[in-house]
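Trainee: Before I use any of the labels attached to this model, I would like to go through them with you and see how each value stands against its definition.

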Amino acid sequence: MIYLNLFLTFLKIGALTFGGGYAMIPLIQDEVLGWGWMELEEIINFIAVCESTPGPIAINMATFVGYSQGGIFGAVCATLGVVLPSFVIILLIVSLIHNLLKFAGVRSFLDSLKPVVVGLILGTAITVFLQVVFAFTNVKESVISFDYKALIIFTIIAVSSAVYKKLTKKSVSAILLIVISAILGIIFYGVLV
């Protein structure tokens, strides 16, 4: 039964989300918490792992959640569920509708989705930031702790990135930022415990 639940849950997420993997994170979080498959802190850690591994974040999340709940077959079911809607839609668009974007209604629909996607991504970023730095999980929770180590790492990465961009007129490689963050995490959470 868990395999069917994983497949159907991620099929729903894949079918109802526009805007890519980051826009899926709030839906994945709601579904995973709703099913009781994980705690919020585990989801936040999974997001960090998914950011650090190759591949689209939504597929990585589906695979990790599926594996945590049902092993390898659970990972396959969740991954297949999240990928199948996009695959079918793209296949239909490519094979049946060659000039879809020439229709004003289609363009209007896609344009109307842009602010929603930005809102979902921004909401996810704020949620992750509040959880990591302040251990803030919801509005009803009155106890808020402060993780100064996370804030220091965030500040180092943000300032370094901004200074590098200002001096070189180029963005810092995301891979380099992930490696620096990992090293700082090891130093702050491993060595300086």
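Trainee: What makes the pair E31 and K12 a salt bridge?

Mentor: A salt bridge is defined as a side-chain nitrogen of Lys or Arg within 4 Å of a carboxyl oxygen of Asp or Glu, and the closest N and O atoms of E31 and K12 are 2.8 Å apart, so the pair meets the definition. The two residues link distant parts of the chain, with E31 in helix α2 (residues 21–35) and K12 in helix α1 (residues 2–16), 19 residues apart. Keep in mind that this is a predicted model, in which local features need pLDDT of at least 70 and side-chain atom pairs count only at pLDDT 80 or more, while totals for chains, interfaces and linings use all residues. Residues are numbered from 1 along each chain as its sequence is written, and side-chain values use heavy atoms, with hydrogens and water left out.

Trainee: Why is E31 called buried, and what is K12 called?

Mentor: Buried means under 20% relative accessible area, exposed means over 50%, and partly exposed lies in between, with a 1.4 Å probe and protein chains only. E31 has 19% relative accessibility and therefore counts as buried, whereas K12, at 39%, counts as partly exposed.

Trainee: How many salt bridges does the rule give, and what makes K114 and D111 one of them?

Mentor: The count comes to 2. The closest N and O atoms of K114 and D111 are 3.2 Å apart, and K114 and D111 are separated by about one helical turn because they lie 3 residues apart in helix α5 (residues 104–134). In general, an α-helix has 3.6 residues a turn, so residues three or four places apart point the same way. K114, at 53% relative accessibility, counts as exposed, and D111, at 44%, counts as partly exposed.

Trainee: How do you know that the span of α7 is close to the expected one?

Mentor: The expected span is 1.5 Å times one less than the number of residues. Helix α7 (residues 174–191) has 18 residues, and its reach of 24 Å from first C-alpha to last is close to the expected 26 Å. The helix itself is a DSSP run, H or I, of at least four residues, while strands are E runs of at least two, and both are numbered from the N terminus.

Trainee: Which residues of α7 are buried, and what puts them on the same side?

Mentor: They are L177, L184, G185 and F188. They cover an arc of only 110° around the axis, which puts them on the same side of α7; the arc is that of the directions from the helix axis to the C-beta atoms. The buried residues of α7 pack against α6 (148–168), contact being heavy atoms within 4.5 Å. On the face turned away from the buried side are the exposed residues I175, I186, G190 and V191.

Trainee: What do the labels come to over the whole chain?

Mentor: The chain has 7 helices and 0 strands, and buried residues make up 27% of its 193 residues.
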